[in-house]
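Please read the following briefing alongside the sequence and the model.

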Amino acid sequence: MRQFPAFFNLDNASVVVFGGGEEARRKVRLLAATPARITVIVSKIDAGFAEEFAGRITIAPPEHAGPALDVARFAIVANRLDANAEKAITMARQYGVPLNVVDHPELCDFTVPSIIDRGDVVAAIGTNGSAPVLAKSIREKLEALLPKRIGDLAALASRLRPDVKAAITDSKARRRFWETALTGPTADLAYAGDLEGAEAAMRAQLQSGAAAEGIVHIVGAGPGDPELMTLKALRLIQEADIVYYDRLVSDEILSLIRRDADRVPVGKSKGDHSVPQETIHELLIASAQEGKRVVRLKGGDPFIFGRGGEELEAVRAAGVAATVVPGISSALGCAAAAGLPLTHRDHAQSLTFVTGHAKAGGVPDLDWVSLARPAQTVVVFMGVGMSATIAEKIIAAGRAPSTPVAVIENGTRDNEIRVFGTLAELPHLIQRAGIKGPALLVIGEVAGLPAEAIAQAFKEHVA
């Protein structure tokens, strides 16, 4: 680490910027968000510069640079490296002022990082001045991960810190309080914009001395690619005390769970319900009643054939707080990864999701006549084992045997399998590809579009 990261306190501080062009303007925009007094040293200033920062900056000629530097916390040289810039650098060195020279890291005492500003929460990303564009890219990624109101939560903690310190004298107990207060239901209230409710909850927890109440988050993990998770899902699994996960959740997503969180597999497969659904309900409730932050992590979306509704009902019936975080359904994620539009103005004006798995086993009780109607796409979840029956029933109800189909297993993952064919040959496609499931069956004219594109690309390659 060549550079030591630190933050300047700019309360009642003065800073100096040399330059009146675009580079200087960019730096002043950053500084204008602070309480610092800003002096711009310049002999010629761009049009609109002074107007943009009216009331926030003092403009002074170069001959007044000495008095400004004498009281400056730091200085930035943001003009072209010429005789004037060299003079500014020399003066800053004489006054012992920490110095940044734009685009010349070899001349800098410090570099200006790429900044994330969330009020009381500020993050800075630096690259030793070698790759500022990379720092900006990293900042954009981190900005997406930080809740917009995290600064409000930090400000609330700052206001309550004296009260907490007075009420909880033991440092370890105080640390436990802050860990639960800043990542549990109180934090959720703040992130939702209810700062009064967050403060009331934090004060109530402080006065009662009780541990924070547990909560269950039923979270959709998406189809498998970790980049397809929602930001809220990612935040919750990194804050959780315990995560109960399905077997459809990918290893890449499991690796994102907080390292010290407990991880409990509760996945089920066809004919193997090693953890009955009722037991899952009991585990979620018991963990929350212990005051834990619980995540029930489910593949796809928890409310689309994921039994999330049953879990939500059971948890709330036990008096435990619960939330639901949607995920990208495997139907949407897998179809998009395959370049397969589920609706299309020329081919499919409606879309139907069904399950190929009956509650009591056997043939699912579906409206086969409705599923056989033209100009629609039918997506069957968990239909591999019943593929022959599904094809037979839909054809018997009137859908053409030549209707295109696609079968996608492990969609969006490295081991994804895609096969295309017709409704009549659906079970044979699955058998030849060695697909065991779970997989999606897509039935309708849109399923033929990727297949046609693949065939055309093959023909062009051969030609």
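Axes here are lines fitted to C-alpha atoms, for helices over the stretch in contact, and angles run from 0 to 180 degrees between N-to-C directions; helices (H or I, at least four residues) and strands (E, at least two) are DSSP runs numbered from the N terminus. This is a predicted model, in which local features need pLDDT of at least 70 and side-chain atom pairs count only at pLDDT 80 or more, while totals for chains, interfaces and linings use all residues. Residues are numbered from 1 along each chain as its sequence is written, and side-chain values use heavy atoms, with hydrogens and water left out.

**Helix packing**

- Helix H12 (residues 277-289) packs with helix H13 (residues 308-317) at an angle of about 45 degrees, and their axes are 10 Å apart.
- H12 and H13 are therefore oblique to each other, given that angles under 35 degrees count as roughly parallel, over 145 as roughly antiparallel, 65 to 115 as roughly perpendicular and the rest as oblique.
- With contact meaning heavy atoms within 4.5 Å, Gln277, Ile280, His281, Leu284 and Ile285 in H12 meet Glu310, Glu311, Ala314 and Val315 in H13.
- The residues of this contact of H12 with H13 divide into 5 nonpolar, 2 polar and 2 charged, where Ala, Val, Leu, Ile, Met, Phe, Trp, Tyr, Cys and Pro count as nonpolar, Asp, Glu, Lys and Arg as charged, and the others, Gly among them, as polar.

**Cysteines**

- Under the rule that a disulfide is a pair of cysteine sulfur atoms within 2.5 Å, the count comes to 0 disulfides.
- Cys108 counts as buried because its relative accessibility is 17%, the classes being buried under 20% relative accessible area, exposed over 50% and partly exposed in between (1.4 Å probe, protein chains only).
- Cys334, at 4% relative accessibility, also counts as buried.

**Leu134**

- Leu134 lies in helix H5 (residues 132-145), and it counts as partly exposed because its relative accessibility is 47%.
- Leu134 and Leu99 are 35 residues apart along the chain, and their C-alpha atoms are separated by 22 Å.

**Positive phi angles**

- Asn12, in the segment before strand S1 (14-18), has a phi near 55 degrees, a positive value in a residue other than glycine.
- Asn12 is exposed, with a relative accessible area of 67%.
- Asp103 is found in the loop between strand S5 (99-101) and strand S6 (114-118), and its phi is near 70 degrees, again a positive value in a residue other than glycine.
- Asp103 is exposed, with a relative accessible area of 63%.
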